[in-house]
Amino acid sequence: MTAFNAATTHRKTRLWATALAAGAALTLTACGSGQISQTAQQVSAVNGNFADVGDISLRNVHVVYPQSEEYSIEPGGKVELGFVAVNNSATTPDRLTRISTTAASSVTVGKEPGGSEIAPLTALGAGAPAGTELDDEQIPLQMIVVELNSIGEEVRPGLTVPVTFTFEEAGDVEVLVPVDAGQVLPRDVSTKSPIEAEAHSAESSVVETQVEEGADGNN
């Protein structure tokens, strides 16, 4: 049993269109390419990917979309890497010794060389692990800064890049890391969109029918 649990955030969009004959609500579920089907044991419900190696659980691994002028998603820029690494062993400490990727010229792990130690039943985090929770809130979470320097053209929002984590005890594990797309922009909805147009047409049909019924009743 691990010491980690990723909080699940369900995003559902429901559209109700009134049909004159049926009179039932129609629920539409949006699907996207690359979407992972949900299961009872789903461990990654946020933007990042996940992996397990030895006693280490990596969760919410993602390239953080730049939130300040210090970082840039443009080729040659610098971005943060976000993740949570949990040491599930109750007795053996581990150490993150290296992070490497072909998508950047170098990777800076923390402020000092040599990596960062992860004591038994503790977690090491980087970036902004929003939406990620531990089973036990008392488990210490040490935060460090991990930066990908001089990124390549493949580091673009919506794409994935290979990143290899090296742990002293657990060994190596490669993760296909998604690049954050940044803040979600509001979507302008008009009657010209297919769904809205269909709903508008259904409403118009209902109004017209009610008018016709009223006219018949007056005769």
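Colleague: What pattern does the protein follow, read along the sequence?

Modeller: The order is β-β-β-β-β-β-β-β-β-β-β-β-β-α. Helices (H or I, at least four residues) and strands (E, at least two) are DSSP runs, numbered from the N terminus. This is a predicted model, in which local features need pLDDT of at least 70 and side-chain atom pairs count only at pLDDT 80 or more, while totals for chains, interfaces and linings use all residues. Residues are numbered from 1 along each chain as its sequence is written, and side-chain values use heavy atoms, with hydrogens and water left out.

Colleague: Which strands does β3 pair with, and in what sense?

Modeller: Two strands pair if DSSP finds at least two bridges between them. Strand β2 (residues 49–53) pairs with β3 in the antiparallel sense over four bridges, and β3 is joined to β4 by seven bridges, again antiparallel. Valine 53 stands opposite isoleucine 56 in β3, and leucine 58 faces alanine 85 in β4. β2 and β3 make a hairpin with two residues between them, and glycine 54 in that turn has a positive phi of about 60°.

Colleague: Why is β3 largely enclosed by the rest of the structure?

Modeller: Buried means under 20% relative accessible area, exposed over 50%, and partly exposed in between (1.4 Å probe, protein chains only). Strand β3 (residues 56–64) is largely enclosed because nine of its nine residues are buried. For the protein, buried residues make up 36% of the 219 residues.

Colleague: Which residues have the most contacts inside the largest nonpolar core?

Modeller: In soluble globular proteins, nonpolar side chains tend to be buried together. A nonpolar core is a set of buried Ala, Val, Leu, Ile, Met, Phe, Trp, Tyr and Cys residues joined through side-chain atoms within 4.5 Å. Here the largest such core has 34 residues, and Leu81, Phe83, Ile99, Phe165 and Phe167 have the most contacts inside it. Contact means heavy atoms within 4.5 Å. Leaving aside neighbours within four places in sequence, phenylalanine 165 is in contact with residues including Leu58, Leu81, Phe83, Ile99 and Val173.

Colleague: What is the order of strands in the open sheet?

Modeller: Four strands form it in the order β7-β5-β12-β13, with antiparallel pairing. β7 (116–118) and β13 (171–178) stand at the edges with a single partner strand each, so one side of each is left without a neighbour in the sheet. β5 and β7 run antiparallel and are joined by three bridges, and arginine 95 stands opposite glutamate 117 in β7.

Colleague: Is serine 89 buried or exposed?

Modeller: Serine 89 counts as buried because its relative accessibility is 7%. This residue lies in the loop between β4 (79–87) and β5 (94–101). A polar atom of the serine 89 side chain is 2.9 Å from the backbone nitrogen of threonine 92. Beyond four places in sequence, serine 89 is in contact with Asp55, Pro120 and Leu121.

Colleague: Where is serine 106 found, and which residues does it touch?

Modeller: Serine 106 is in strand β6 (residues 104–109). At 34% relative accessibility, serine 106 counts as partly exposed. Not counting residues up to four places away in sequence, serine 106 touches Glu147, Leu148 and Asn149. Serine 106 and lysine 78 are 28 residues apart in sequence and 10.0 Å apart in space, C-alpha to C-alpha.

Conventions. A polar contact is a pair of N or O atoms within 3.5 Å; within protein, one must be able to donate a hydrogen and the other to accept it, and residues adjacent in sequence count only if both atoms are side-chain atoms.
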